[in-house]
Amino acid sequence: MARKFFVGGNWKCNGTNEEVKKIVSTLNDGQVPSSDVVEVVISPPYVFLPLVKSSLRPDFHVAAQNCWVKKGGAFTGEISAEMLKNLGIHWVVLGHSERRLLLGESNEFVGDKVAYALSQGLKVIACVGETLEHRESGATMDVVAAQTKAIADRISDWTNVVVAYEPVWAIGTGKVATPAQAQEVHSALRKWLQTNVSVQVAESTRIIYGGSVNGANCKELAAQPDVDGFLVGGASLKAEFLDIIKSATVKSSA
């Protein structure tokens with residue numbers, strides 16, 4: 001089953017009005033494969049969502065970087081899935097390692113978030129990944145499987161879920177999982193879905209890689225059979241993000 005290549009740009013906590021306008025202008029002027037070949041989703045900080053939504057080219061989508069675990073109310077500082085829908089935002093990133101590690105979001109909490117966001121009609125980029133300590137102790141797949149299970153236990157329809165495998169030791173460090181390392185985990189994750197969810201979900205769910213992806217390494221990573229795209233951090237703020245989007249042609253011409 002052919003899975004459409006997916007490239008997400010996570011701007012994290014970066015940007016000013018002027019910087020955002022420049023990035024959007026660069027993206028709008030970029031020559032990239034058509035939306036039949038690659039799906040592109042840009043994830044700016046909350047405060048810039050309306051600006052990016054209103055000015056970004058229509059073939060690129062916009063995502064929030066997080067949302068609350070239930071309907072809005074007395075939850076100071078949080079943003080609900082309903083609010084995102086009201087803004088015309090259709091995607092959200094959930095379970096990013098920075099939220100798991102810095103803010104203590106548990107597997108179960110992330111699973112609840114994914115389930116609620118989906119119930120409100122949002123599409124979800126659900127992040128999983130191990131720390132360096134986990135990898136060195138041989139626990140990579142145990143960790144990734146537990147994170148994925150917490151989602152699988154709470155949802156029945158995977159149509160609107162993209163799984164982002166992001167080894168924590170490769171995020172913002174300049175270290176990158178080798179293409180073989182990325183493929184190994186993606187393949188194991190797909191087999192986990194096949195065994196624990198269904199063959200159809202395993203074949204159709206896009207599993208993307210995140211962790212110091214850039215213009216120089218994206219093509220070799222994209223060539224791996226179970227790597228269906230990328231969730232890009234720092235490089236998504238630069239013009240080379242367009243080169244990463246173009247790496248989708250590696251898949252389409254294979």
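Thr 131 is placed in the loop that runs between strand 5 (123–128) and helix 6 (132–136). In this predicted model, the side chain of Thr 131 is joined to that of His 134 by a polar contact of 3.0 Å. When neighbours within four places in sequence are set aside, the residues in contact with Thr 131 are Leu 101, Val 168 and Trp 169.

Most residues other than glycine have a negative phi. Lys 12, by contrast, has a positive phi, near 55°, without being a glycine, and this residue belongs to the loop between strand 1 (5–10) and helix 1 (17–29). Ser 212, likewise not a glycine, has a positive phi of about 60°; its position is in the loop that separates strand 7 (206–209) from helix 10 (218–222).

A helical position is provided by Gln 183, which is part of helix 8 (residues 179–196). The relative accessible area of Gln 183 is 14%, and the residue is therefore classed as buried, the cut-off for that class being under 20%. Apart from residues up to four places away in sequence, Gln 183 touches the residues Gln 224, Pro 225, Asp 226 and Val 227.

At the level of the whole chain, the secondary structure consists of 12 helices and 8 strands. Along the principal axes, the C-alpha atoms occupy a box of roughly 45 × 45 × 35 Å. Of the 254 residues in the chain, 52% are buried. Contacts between residues at least 6 apart in sequence were also considered, and 73% of these join residues that are at least 24 apart.

The accessible surface of the chain amounts to about 11,200 Å², with carbon and sulfur atoms contributing 52% of this area.

Definitions and conventions. Residues are numbered from 1 along each chain as its sequence is written. This is a predicted model: local features need pLDDT of at least 70, side-chain atom pairs count only at pLDDT 80 or more; totals for chains, interfaces and linings use all residues. Side-chain values use heavy atoms; hydrogens and water are left out. Helices (H or I, at least four residues) and strands (E, at least two) are DSSP runs, numbered from the N terminus. Buried means under 20% relative accessible area, exposed over 50%, partly exposed in between (1.4 Å probe, protein chains only). Contact means heavy atoms within 4.5 Å. Accessible areas come from the Shrake-Rupley method with a 1.4 Å probe; for residues, only the protein chains shown count as cover. A polar contact is a pair of N or O atoms within 3.5 Å; within protein, one must be able to donate a hydrogen and the other to accept it, and residues adjacent in sequence count only if both atoms are side-chain atoms.
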